[in-house]
Amino acid sequence: MAYSAKVLDHYENPRNVGSFDKNDPSVGTGMVGAPACGDVMKLQIKVNEQGVIEDARFKTYGCGSAIASSSLLTEWVKGKTLEEATRIKNTEIAEELALPPVKIHCSVLAEDAIKAAIADYQRKQAQGEAPRQECNS
Amino acid sequence: MDQHNEREARQGRLKLPIYLDYAATTPVDPRVAEKMCACLTLDGNFGNPASRSHVFGWRAEEAVEEARRQVAALVNADPREIIWTSGATESDNLAIKGVAHFYRNKGRHIVTCKTEHKAVLDACRQLEREGYEVTYLDPEPNGLLDLDKLQQALRDDTILVSIMHVNNEIGVIQDIEAIGEITRERGVLFHCDAAQSAGKVEIDLQRMKVDLMSFSAHKIYGPKGVGALYVRRKPRVRLEAQMHGGGHERGMRSGTLPTHQIVGMGEAFRIAREEMAQENARILQLRNRLWNGIKDIEEVYVNGDLERRVAGNLNVSFNFVEGESLIMALKDMAVSSGSACTSASLEPSYVLRALGRNDELAHSSIRFTIGRYTTQEEIDYTVATVREKVAKLRDLSPLWEMYKEGIDLSKVQWAAH
């Protein structure tokens with residue numbers, strides 16, 4: 001499979017790899033995909049009091065395109081408000097990385113991941129200080 | 001010298017990428033290429049082996065018959081039992097469909113195994129569409145067949161059992177001698193795909209009660225596009241031809257014989273016969289070196305039995321690392337993976353699934369296959385690279401993180417997609 005230079009760059013030098021404390025109320029965690037399907041993405045955002053995403057981290061089990069999609073996404077969401085981040089479309093990711101048709105699902109997964117992370121953050125905020133243990137249970 | 005510099009230094013003597021996909025195909029041995037080249041041009045042996053009226057044909061026929069003797073010699077068969085084909089896929093099709101069609105009035109039941117090559121499985125599927133019944137046996141978790149289960153699957157209307165000798169993905173060696181005893185006693189024909197075993201595992205068709213056996217040239221340093229089917233004479237096995245035409249190969253497979261391909265296959269089989277023992281020992285030592293170099297990595301599993309296995313194959317799952325991303329990381333090595341992402345179907349390896357491996361492990365598998373031109377330096381470089389890249393990808397893996405936190409991944413409810 002021939003990869004675009006951008007996929008290779010993100011794969012070789014993934015940005016923002018790592019984890020935040022998922023119990024931190026300012027952190028939203030999205031975990032999407034399934035090992036059986038060959039890809040699992042964990043995306044975390046750290047949101048400040050103004051509702052702006054200050055920082056992001058990811059870990060991905062999956063092919064090069066899945067790793068690149070999540071790495072790119074962490075770059076894009078930083079500095080965006082939650083509302084802006086919700087509007088990121090998988091097609092933009094796919095276009096930026098020049099993903100071939102069989103790899104489009106990787107960009108879909110990335111879009112799902114940011115949506116899940118935002119939802120998790122908002123759920124935490126609504127619940128006040130009570131931290132949630134699991135992101136997707 | 002730190003690890004990085006040491007690697008650089010070694011790399012200086014290495015030609016990258018390193019070929020570790022000998023089960024997919026092999027380079028043609030220069031001795032084989034030389035013999036083939038002598039059968040192409042005006043100065044060479046270019047005649048049609050079927051031409052009976054002049055010396056060009058006679059000479060070509062002589063070369064083809066010499067190759068037939070060489071192929072037969074490797075497996076201790078009679079040269080008259082060797083039928084030339086375009087490769088093991090054609091041999092499998094000819095054997096399975098040819099027997100099924102010829103013996104259709106005797107019975108319509110066939111027994112095979114879920115881990116067979118697609119050429120066998122797809123030929124069986126086609127027969128199912130034609131009204132035959134096929135039993136697909138499950139292998140044991142180590143990839144080997146339980147022969148009691150094979151015995152129990154045989155019925156009064158079973159006409160054929162098709163079981164491969166060496167599996168292409170996991171390299172395990174089935175006990176075809178024992179299978180032959182079972183099938184002969186029951187009066188059932190036994191076809192064996194030996195594409196991955198010829199020249200690597202001893203085959204003695206005087207002793208083994210195999211009735212049909214498929215061979216390929218390009219898996220043992222011969223050219224692509226040529227193979228053979230062994231069809232036993234005593235007791236006689238009959239086939240319905242799948243390719244009709246000039247009646248070549250005693251009517252079993254028409255088509256002008258490609259002299260250069262056949263001569264190449266013959267030479268490859270001759271070399272294999274002479275060098276097999278020595279070569280196997282060297283390759284096994286390299287395979288052990290590779291396995292010993294990576295087996296202490298956490299959560300690494302060999303797929304298939306490690307003892308009853310062809311020397312050059314090592315199929316390993318690196319848990320929590322997805323296969324295609326590992327293949328990308330191992331860009332200096334030509335290897336293959338059972339990961340769905342490397343297949344057109346987006347399904348993980350059906351062979352590993354048939355062993356009962358879970359999806360994660362099937363997605364995480366890498367097949368290394370070692371051959372005639374693999375060197376110790378290449379293996380050492382591969383070990384160092386694999387260790388480094390698996391660690392890097394695990395740092396990226398949320399599954400690895402969860403595993404390290406003590407979370408049982410099988411109990412997590414995943415958001416399906």
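**View 1. Asp120(A) is a buried residue of chain A, at a relative accessibility of 2%.** Buried means under 20% relative accessible area, exposed over 50% and partly exposed in between, computed with a 1.4 Å probe on protein chains only. The model is predicted, and local features are reported only at pLDDT of at least 70 and side-chain atom pairs only at pLDDT 80 or more, whereas totals for chains, interfaces and linings use all residues. Residues are numbered from 1 along each chain as its sequence is written, chains are lettered from A and ligands numbered from 1 in the order in which they are written, and side-chain values use heavy atoms, with hydrogens and water left out. Asp120(A) belongs to helix H5 of chain A; helices (H or I, at least four residues) and strands (E, at least two) are DSSP runs numbered from the N terminus. Between the C-alpha atoms of Asp120(A) and Gly30(A) the distance is 6.8 Å, although 90 residues separate the two in sequence.

**View 2. Chain A contains 5 helices and 3 strands.** Read from the N terminus, the order of its elements is α-β-β-β-α-α-α-α. For its 137 residues the globule rule gives 14 Å, and the radius of gyration is 14 Å, so chain A is as compact as a globular protein of that length. The radius is taken over C-alpha atoms, and the rule is 2.2 Å times the number of residues to the power 0.38. The C-alpha trace of chain A spans about 45 × 30 × 25 Å along its principal axes, and 52% of the residues count as buried. Of the contacts (heavy atoms within 4.5 Å) in chain A with a separation of 6 or more, 62% come from residues 24 or more positions apart. In the loop between helix H4 (90-97) and helix H5 (104-126) of chain A sits Ala98(A), which has a positive phi of about 50° although it is not a glycine.

**View 3. Strand S5 (residues 158-162) of chain B is mostly covered, with 5 of its 5 residues buried.** Strand S3 (residues 109-113) of chain B runs parallel to S5(B) and is joined to it by 4 bridges; two strands pair if DSSP finds at least two bridges between them. Leu160(B) in S5(B) is the bridge partner of Ile110(B). Strand S6 (residues 189-193) of chain B is also parallel to S5(B), through 3 bridges, and Leu189(B) in S6(B) is the bridge partner of Leu160(B).

**View 4. Strand S2 (residues 82-85) of chain B has buried residues pointing both ways.** Ile82(B) and Trp84(B) point one way, Ile83(B) and Thr85(B) the other, and all are buried. S2(B) is antiparallel to strand S8 (residues 227-231) of chain B, with 4 bridges between them.

**View 5. An open antiparallel sheet of 4 strands in chain B has the order S9-S10-S13-S12.** Strand S9 (300-302) and strand S12 (336-337) of chain B are at the edges with a single partner strand each, so one side of each has no neighbour in the sheet. S12(B) pairs with strand S13 (residues 365-369) of chain B in the antiparallel sense over 2 bridges, and Ser336(B) is placed opposite Arg367(B) in S13(B).

**View 6. Phe320(B), a residue other than glycine, has a positive phi near 75°.** Its loop connects strand S10 (313-318) and helix H9 (323-329) of chain B. With a relative accessible area of 6%, Phe320(B) is buried.
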